[in-house]
Amino acid sequence: PEARLASFKKLKIMAAIQSNLAAQVSANVSESARSMAVVRNISKLQDFNILNFAESVDQWVQEADEGMVDYHLEAFLQLTNPVARAKYAEKGFASKTWDFAMENYINAMLSSPTTHMINIAGNASFQVLSLAERGVAGMIGNVRTLGGLRGEVGDQRYMGEAAAEAHGLMMAQKDALLLMAKTFVTGEGGDLISKIDLKNRRAVGSTDSVTDVVSSMAQGDFSKAAIDLFGISTRLPGRFLATEDEYFKVITMRRVLYREAHRASQIAYTTARKNNIGRQEAKQLAEQKYVDVMTNTPQAIKEMMTTEARKMTFQGAPEGFFGQMANSLNHFPIMKVVVPFVNTPTNVVKEGFDRTLNWSPIYRAIKQTNLPGTQMMPGGNTPISGQELDDALAKLAVGNAVALTMYGIASGEYGDDLIVVGSGPSDFGTRINIMGAAKVPPYSIGLKQEDGTYKFTTFSRLDPLSALL
């Protein structure tokens, strides 16, 4: 063991020297005199004192985990490219150790099958909720524009958009399942975005693809294959999470494609009719526009598909106040231990806020009517389109309807066949003793059985519905 630690210390010092040499020589490779001078005066490298560095690293090496020592020795020796070795050294062995620890910590938290069941249920409930909102938004848009007679053509939600999205969802099943399988093999979704908020999501190994491991074994590189396989095994919970999310991303993208094709056809038909084109010809133009969007999808719609797919799996980049809050937490690495997931819960809170308390779109719409006195209203100067207003009103209508229904059930207005349990007693010990003994989970709905007992189902992590409930 002592010899191994000594070798590890020597390796770290040599790697740091190599990193500094690469940084100071690479920019002027042709200047051989300068290069030779750097090598001759290696103990005087700019901003790098070898003796001081050796002393400071001695204690760190003595305290290093034996498994990590073996890993770093093996991983560094596997790198034959000097640039790759320099990059590994520049990244820092301590950083690698932290990345490895956080990778294990996050994936251990995701290892419970219940977590994945909740992830699937949450994503599925969000799909249903958004479909309901799209239908309500279509009705609001139809009423607000008097069936398309008021306002600009297309600046509204149309009645058939919810049906178009539902059709797209059904048509996407085959592709969704195929891409799920591909994600499970490669370990990464199509857009390389994940719910795991780590700067380095692959601390061990050089790949997440099972096919790369098989290729390494076929070439006889069993050491590399073993390291990669170890890393893949460590990240299995995250792989399952990415696979689940990929399914919902694919069906969301297809939903958006069918919806936007329907919108384009509706806009084409309305525009044609307003220009005194006959119904039959207008219908043909609408059909042609639908086919064109489906077969030659514009780049703007492709970007919309990606954005909404990430949003529906709570992977979008939070904006505004919520984005600032997420970024502030991500700037402190130690906070990852306390708050391991930032973007996902931030997005969940934002979605709940949009469906209950976010009255800003209505305020902005009222101010932009320019009615007497509206210009005296503070703020609310950001323009809002009719389509945005329809979406905002639909979210508030559906969200508050769900919340008020839950309030009614919890208040006993629907009898005792259906009851709601909240957090339980404020004292943790009492809560565990009472609710645990009765097998009643916190934040759950109880359905009365024939024998008078209740069967409870928790809604505490059914995001984003849990925020409303």
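Me: Helices are DSSP runs of H or I with at least four residues, strands are runs of E with at least two, and both are numbered from the N terminus. With that in hand, how many helices and strands does the protein chain have, and where does N276 lie?

Reply: This is a predicted model, and its protein chain comes to 21 helices and 3 strands. N276 lies in the loop between α12 (236-274) and α13 (279-295).

Me: How should I read the backbone there, and what is the phi of N276?

Reply: Most residues other than glycine have a negative phi, and most peptide bonds are trans. N276 has a positive phi, near 65 degrees, although this residue is not a glycine. Y443 also has a positive phi without being a glycine, at about 50 degrees, and its place is in the loop between α20 (428-438) and β2 (444-448).

Me: Why does N276 count as exposed, and why does Y443 count as partly exposed?

Reply: Exposed means over 50% relative accessible area, buried means under 20%, and partly exposed is in between. N276 counts as exposed because its relative accessibility is 74%, whereas Y443, at 42%, counts as partly exposed.

Me: Which residues does a cis peptide bond join?

Reply: A cis peptide bond joins D463 and P464, with omega at about -5 degrees. P464 lies in the loop between β3 (454-458) and α21 (465-468).

Me: How do I read the packing of α11 and α12, and at what angle do they pack?

Reply: Two packed helices are described by the angle between their axes and the distance between the axes. Helix α11 (residues 222-234) packs with α12 at an angle of about 65 degrees, and their axes are 4 Å apart. In this contact, I232, S233 and T234 of α11 meet L236, P237 and R239 of α12; by class, the contact has 3 nonpolar, 2 polar and 1 charged residues.

Me: What does L468 touch, leaving aside residues up to four places away in sequence?

Reply: L468 touches G352, R355, T356, G399, V402 and A403. For the protein chain as a whole, 70% of the contacts between residues at least 6 apart in sequence join residues at least 24 apart, and 39% of the 469 residues count as buried.

Notes
Residues numbered from 1 in each chain as written. Predicted model: local features only at pLDDT ≥ 70, side-chain atom pairs only at ≥ 80, totals over all residues. Heavy atoms only, no water. Buried < 20%, exposed > 50% of the residue type's maximum accessible area, 1.4 Å probe, protein only. Contact = heavy atoms within 4.5 Å. Axes fitted to C-alpha atoms, helices over the stretch in contact; angles between N-to-C directions. Nonpolar A, V, L, I, M, F, W, Y, C, P; charged D, E, K, R; others polar.
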